Amino acid sequence: MSRLGRHRGPASETVAGPPRLPLPGPRRPRRVAMLSVHTSPLHQPGTGDAGGMNVYIVELAKRLATIDVEVEIFTRATSAALPPAVELAPGVLVRHVDAGPYEGLAKEDLPAQLCAFTHGVMQAWAGHLAGHYDLVHSHYWLSGHVGWLAAERWGVPLVHAMHTMAKVKNHALAGGDTPEPASRVLGETQVVRAADRLIANTEKEAEELLRHYDADTGRVAVVHPGVDLERFRPVACGVEAGRAAARARLGLPQDALVPLFAGRIQPLKAPDVLLFAVARLLEERPQLRERMVVPVIGGPSGSGLAKPEGLQKLAARLGIGDVVLFRPPVGQEQLADWYRAASVLVMPSYSESFGLVAIEAQACGTPVIAAEVGGLPVAVRDGTSGVLVAGHDPVDYARALHGFADDPALSVRMGEAAARHARSFGWDTAATATVDVYMQAMQERRMRSLHDGGSSPHAGALAFEP
Ligand code: UDP
């Protein structure tokens, strides 16, 4: 007998047919299963497979936990020494799942391990009561495939974030870069169809989901990522004094022109365009060499792994090896100091779904010269908090650098505007907006299952107590 049939209402209602129960209002999720198959939130970002997505997951999960949404993040174990679970912050647990060999497995090989990963997720879930997770939030298409199955099995919604899209990347490849394979495009298309909600970083990404993947408009929500405004901020004494102090700490000359690159070193991010631009600038203005330092912070990643020393060799070939300072990835506290010390952050990327470093640098009071691609026009206010450049011609980046070389006060002026602009990108706002998306997805699913009379394919999901 259905729940409606069991309801004992007043006689008049019985005569008129089964009484209607009030429709349930939207419910907040208590616990979310977050999936990050190919990279761990515990990894150092800025090299290999760890970058903005790792930071996104950590920051979002921490903020969700502070508003009473517990998060369990499932990621592939990459060492035998890892414990099965680690508390990342109160209310945020990282679960290590055994799937394939711990080391030496490239991201490209992971599709073959998705079944093993899903098995691990199911095992972790099997020890809980039904309803343990209210929702699955998957990141990147590989996780989307695991989420597709897990969400269906648990009878909960799947919320997915693409982070990057093969079709978008392939449309804007750096010269000679390897395109993303057709199998990824297919996998992404399936996840787009399976997800109850897709979270896009910007309107542009939302539009790309519709255009390239035929996503359903009603299922796409835009949530701007945030920035940790406590960690990334100008120091209290102001942008100019903060820059001087950071330069002193890092051993950089006070009067230097410091265009900074920070992030994963791969053709997609175009650090070579910055080097070509610097070489051109020094050709035109040789006297600048005395006061020019170009820090490049990060490690090889993606197709950049094929030539890990490629950028160093290019700097030597261009005759600017003496001004470029290569540094391995650093923790975010230290990165904040590099941002503060820089005259300007340079991001000549070919594609960027958002570009967290752009907003982090601005939050520290540093303007940004960025390619006009992906989320960068949202992250950077052209002419106010930085300069947007159309295309990837080093001549244009050299011209933008000229502005900062000619007028050192420009960096401070734009830096102050940049810090104000960045303040609207807090993670708290992003977390609240994400919970709204979760609630919409949960509510829609409940309404659908009420409409179907509880005959959802998930109704028979098994779960037992430990
Ligand atoms: N990052 C870091 N240390 C480094 C270089 C980068 O922690 O030495 C972090 C940086 O703070 C940012 C992330 O790596 O949050 C890069 O994110 P972004 O969105 O710019 O690029 P993605 O890696 O997603 O392509």
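Guide: Start with handedness: a crossing is left-handed if the near helix is turned anticlockwise from the far one by less than a right angle, and right-handed if clockwise. Helices themselves are DSSP runs (H or I, at least four residues), numbered from the N terminus. The crossing of helix 9 and helix 12 is left-handed. This is a predicted model: local features need pLDDT of at least 70, side-chain atom pairs count only at pLDDT 80 or more, and totals for chains, interfaces and linings use all residues. Residues are numbered from 1 along each chain as its sequence is written.

Now the geometry. Helix 9 spans residues 239–250, and helix 12 spans residues 332–341. They pack at an angle of about 120°, with their axes 8 Å apart. That makes helix 9 oblique to helix 12. (Angles under 35 degrees count as roughly parallel, over 145 as roughly antiparallel, 65 to 115 as roughly perpendicular and the rest as oblique.) Axes are lines fitted to C-alpha atoms, for helices over the stretch in contact, and angles run from 0 to 180 degrees between N-to-C directions.

Next, the contact. Helix 9 brings Gly242, Arg243, Ala246, Arg247, Arg249 and Leu250. Helix 12 brings Asp337, Trp338, Arg340 and Ala341. Contact means C-beta atoms, placed from the backbone, within 7 Å. By class, this contact has four nonpolar, one polar and five charged residues. (Ala, Val, Leu, Ile, Met, Phe, Trp, Tyr, Cys and Pro count as nonpolar, Asp, Glu, Lys and Arg as charged, and the others, Gly among them, as polar.)

Helix 12 also supplies at least two residues of the shell around the ligand.

Terms used:
Two residues are in contact if their C-beta atoms, placed from the backbone, lie within 7 Å.
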